[in-house]
Amino acid sequence: MIPEEIVRSPSWYESSARNRIAGVLDADTFHEILGPAERVMSPHLELFDLPPAFDDGVIVGRGQLDGKPVAIIAQEGQFMGGTFAEVSGAKIVGLLRAVTAAAGTPDGVSAVLLLLDTGGVRLQEANAGELAVSETVRALLGVRAAGIPVVALVGGRAGAFGGGGIVTACCSHVVISEQGRISVTGPEVIETNKGAEEFDSRDRALVWRVTGGRSRVLLGGADSYVKGDVASFRAAAARSRNAAPPFTLETMAAEQERLEKRLSSYGDCRDTPEIWARAGLADPASVPDIDDDAFLALLSEREIKHDAR
Amino acid sequence: METFTIRAQARASLPGTGRQAIVGVVASGNLEVLLERSETGDAVVVDVTTSARGFRAVWEAVVADFIARSSPGGVRFSIHDNGARPDTVTLRLLQGVKLLETQP
Amino acid sequence: MRDWTRQKTERATRMDAAAPFADGKVVAADNATDMLRRVIKSGDRVCLEGDNQKQADFLASCLAQVDPADIHDLHIVQSGLVLPEHLDLFRLGIAKKLDFSYSGPQSGAIARALDQGKIELGAIHTYIELFARYYVDLTPNVALIAGVCADRDGNLYTGPNTEDTPTIVEATAYKSGVVIAQVNRIVDKVPRVDIPGDQIDFVVEAPRPFYVEPLFTRDPGAVTDSQILMAMIALKGIYAEYKPKRLNHGIGFATAAIELLLPTYGEKLGLRGEVATHWALNPHPTLIPAIESGWVEQIHCFGSEVGMDRYMSARPDVYFTGKDGTLRSNRLMCQNAGLYACDMFIGSTLQIDLAGNSSTVTPDRIAGFGGAPNMGSDAHGRRHVSDAWLKAGREAAGDSGPLVRGRKLVVQMVETFGEGMKPAFVEELDSLALARKLNMELAPVMIFGDDVTHIVTEEGIANLLLCRNADDVEQAIRGVAGYTPVGLARDKAKVEALRQRGVIRRPEDLGVDPMEASRNLLAARSIRDLVTWSDGLYSPPSKFRNW
């Protein structure tokens, strides 16, 4: 007998960005903008003797989710670590701006789905990449200000690190799986700068305990927790499109208050089980090891909800 | 990196009506193949950009065997390779033509 | 008149000299080096237990602290030379001669030390050869061993990694040698007695538990489509053809892929209960899905594996366990089982030449052999028959008469190109260059071509049993060598003729579609899936987690 959790396929973690898009959207509704045949590629990688990708590792376009139009952006985490760079960044920013411009018109969309899978800025295009991150943040907030929710889906190999972590935090709603990770400074970078005593990047249980999906959803760094299959991500994207808070001054003030409270409650903790113990979880050490059903039950029975955003 | 073009004649043109398709990812040990139905007659063009130098003869052998096997006339294959092994290259080429054949 | 008890007298003298540093059999960690100074004499044969998994690491560091003026010219006789301290003994001039089996992480350092004349090399053995010589001409004078805990009488619990310990202790203790054990803890009562206190002279509580590296854990997440294709080819072309029930698997990713395909692809082929029911195998986590799906009757282990203890304790019908409930492994017994009781060995290698000789030697490294040559060889002393064994023998002979003996299936799985696009098929093995450089009389070969029955690559299977001469063998190998220089130099007509004879079988000849070789076929696609399969009993080490 093959356990049901394992045959529930395909897996988000294992899928390519294109296959994730195909799995999230209604069948055959995806229309890509600047697709591979347009050959809009990085002009910089050749200088570093690196092969480019036809889509520069970012796929953007429009499609439908449960019959309603959405805009979708997916990073390919396997290409150059799914990084923010000049071309890939411009594709993201351009799509977000187009969504804002079309808000309220017949071309308007019901939501933007942001399938993050990135280590952050592409080192070979660092300046352009940093600019891309800040332009993305600005354009993303513009979309939200136009009344359109932006839903982040995080569960790929590269996680959402660096600028990807910042962009995630700006979204209306964040969906994550157990394998998903969100942070700004990556484990290896912390170890390089502060030593293995501060953060041992090879201790993968520690990495996930701090940055992983379960930790993030318990603390409010993510809003929805899903099992790691593509269908669960699709269902959560459809649900959260309607649950996103309005982008108002009140929401921002509430978010600020929420974050201040979190810092004062847990700011002195050294590791996440300490946080979970303080938050009153019965068996904090077991949180990473219980299966997805048990963890989802824990979330719902404790009614863990983090409003604002 | 190394860039070269392989030209060949297939026995027949590829069936189906799909105009273009893409398979694979430029990950380590992997490659992406963009297929476009842009060549005349049964001509086949394979543009290769690869991170591994010195394997042109291997590419030519792999492509020759592939064309003998699936006869993809009229198709241009544009490849970005990040050190894929020959069997992975063959697999992607086969996946690509299958996609192009079957898509509407 | 000759004194027939010199060894006993010598032992008594040494024990007396060491007594002041011990409280009964118990020696404090701080006194360990002083005690070793009294017990070990220059020129002794010493086994400093270095198993595949557990090593007497604390005693090794103590021995490295003795003054080479006092103790020198030791002859080290141990299976694994894997710790930096093991090499230090030679560098510092404490040890001189070496007989061993396996070096793994120290393979580069050994080659350098040999080159600089720091080591006088006796021989490189397979495990059971060295164990055998412990009882003939390499009997240790002193054995420094490792266990999990001991009581004050010296009764020793080795833990699941029993490995080489009983073999070493038996040879030493019954030939007037001295046996010293380092343990993680000294306790009032051990959970089970793996070695009776009668055979242990001293016990030392080490400041730190001995370290065990997870050597046999292969992350399903890293299994590639090519490895899955090779596994499909092997299952259809070898498992389904010969139906080997008793077998050993290597530790590479290709065999891990086979293990992960048993409950899916293997089930589809109807092979459950027909093949791979009884194993001589380390506790591979990737076998959990097959065990849970009812494929596996019984497994005997060379050693243990980090994280598998609770799972194995909960599956005593499958694994060998003590009355305390934990695994009992034994390298000598398991190697013997692999040699005589198994119908098939299937594993990976790095290089294969045109005669089918295979080697894992890379330039400037001496990694030794471990147990692979025994697993991967036909035991000419075997007399009992099995269907798989007879079928292989008859294929080789082209005859099925009453004097045609069987053959063990020895299958080498290799991707035509290895790391960094290095061809796996070569005209000459790298080990020949190494042998020339170090003036070795016999180049290190892991498995000789005359023992290999099949070579599996992503291009298909070469069945060497059906080859009738050296030219057949060469062209069969070239025929599955793909686009490597060796493969491109094939004689196409001969290769096609071999294919007609069934010597070479391509995926399409077997009905295997390379397009179907996808990770969706794996019964587990991640370490987390293995934990799920094990019902939470498998607890993988942190480095393998992504949750």
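**Reading the strands, helices and contacts**

Modeller: In chain C, strand β5 (residues 95-102) and strand β6 (residues 120-124) run parallel and are joined by 3 bridges. Helices (H or I, at least four residues) and strands (E, at least two) are DSSP runs, numbered from the N terminus, and two strands pair if DSSP finds at least two bridges between them. Within this pair, L98(C) has L121(C) of β6(C) as its bridge partner. The path from β5(C) to β6(C) passes through helix α5 (residues 107-115) of chain C, a right-handed β-α-β crossover. A crossover is right-handed if, with the strands pointing away from the viewer, the path from the first strand over the helix to the second runs clockwise.

This is a predicted model, in which local features need pLDDT of at least 70 and side-chain atom pairs count only at pLDDT 80 or more, while totals for chains, interfaces and linings use all residues. Residues are numbered from 1 along each chain as its sequence is written, with chains lettered from A and ligands numbered from 1 in the order in which they are written.

Biologist: How many strands form the open sheet that runs from β13 to β20 in chain C, and which are its edge strands?

Modeller: There are 8 strands, in the order β13-β12-β11-β14-β17-β18-β19-β20, with mixed pairing.

Biologist: Which strands does helix α8 of chain C lie across?

Modeller: Such a reading rests on contact (C-beta atoms, placed from the backbone, within 7 Å). Axes are lines fitted to C-alpha atoms, for helices over the stretch in contact, and angles run from 0 to 180 degrees between N-to-C directions. Helix α8 (residues 225-242) of chain C lies across β14 (344-348), β17, β18, β19 (460-463) and β20 of chain C, at about 170° to β17(C). Helix α16 (residues 470-479) of chain C lies across β18, β19 and β20 of chain C, at about 170° to β19(C).

Biologist: What is the strand order of the open sheet in chain B?

Modeller: Its 5 strands follow the order β1-β4-β5-β3-β2, with mixed pairing. The edges are β1 (2-9) and β2 (20-24) of chain B, and the twist averages 15° from one strand to the next. Strand β2(B) runs antiparallel to β3 (residues 30-36) of chain B, with 5 bridges between them; Q20(B) is partnered there by E36(B). Helix α1 (residues 56-70) of chain B lies across β1 and β4 (43-50) of chain B, at about 30° to β1(B).

Biologist: Is helix α10 of chain A buried or in the open?

Modeller: A residue is buried if 20 or more other C-beta atoms lie within 10 Å of its own, exposed if 12 or fewer, and partly exposed in between. Of the 18 residues of α10(A), 0 are buried, so the helix lies largely in the open.

Biologist: How many residues of chain C are in contact with chain A?

Modeller: The contact joins 16 residues of chain C to 20 residues of chain A. Helix α20 (residues 527-533) of chain C supplies the largest share of the chain C side, 3 residues.

Technical notes: Contact = placed C-beta atoms within 7 Å.
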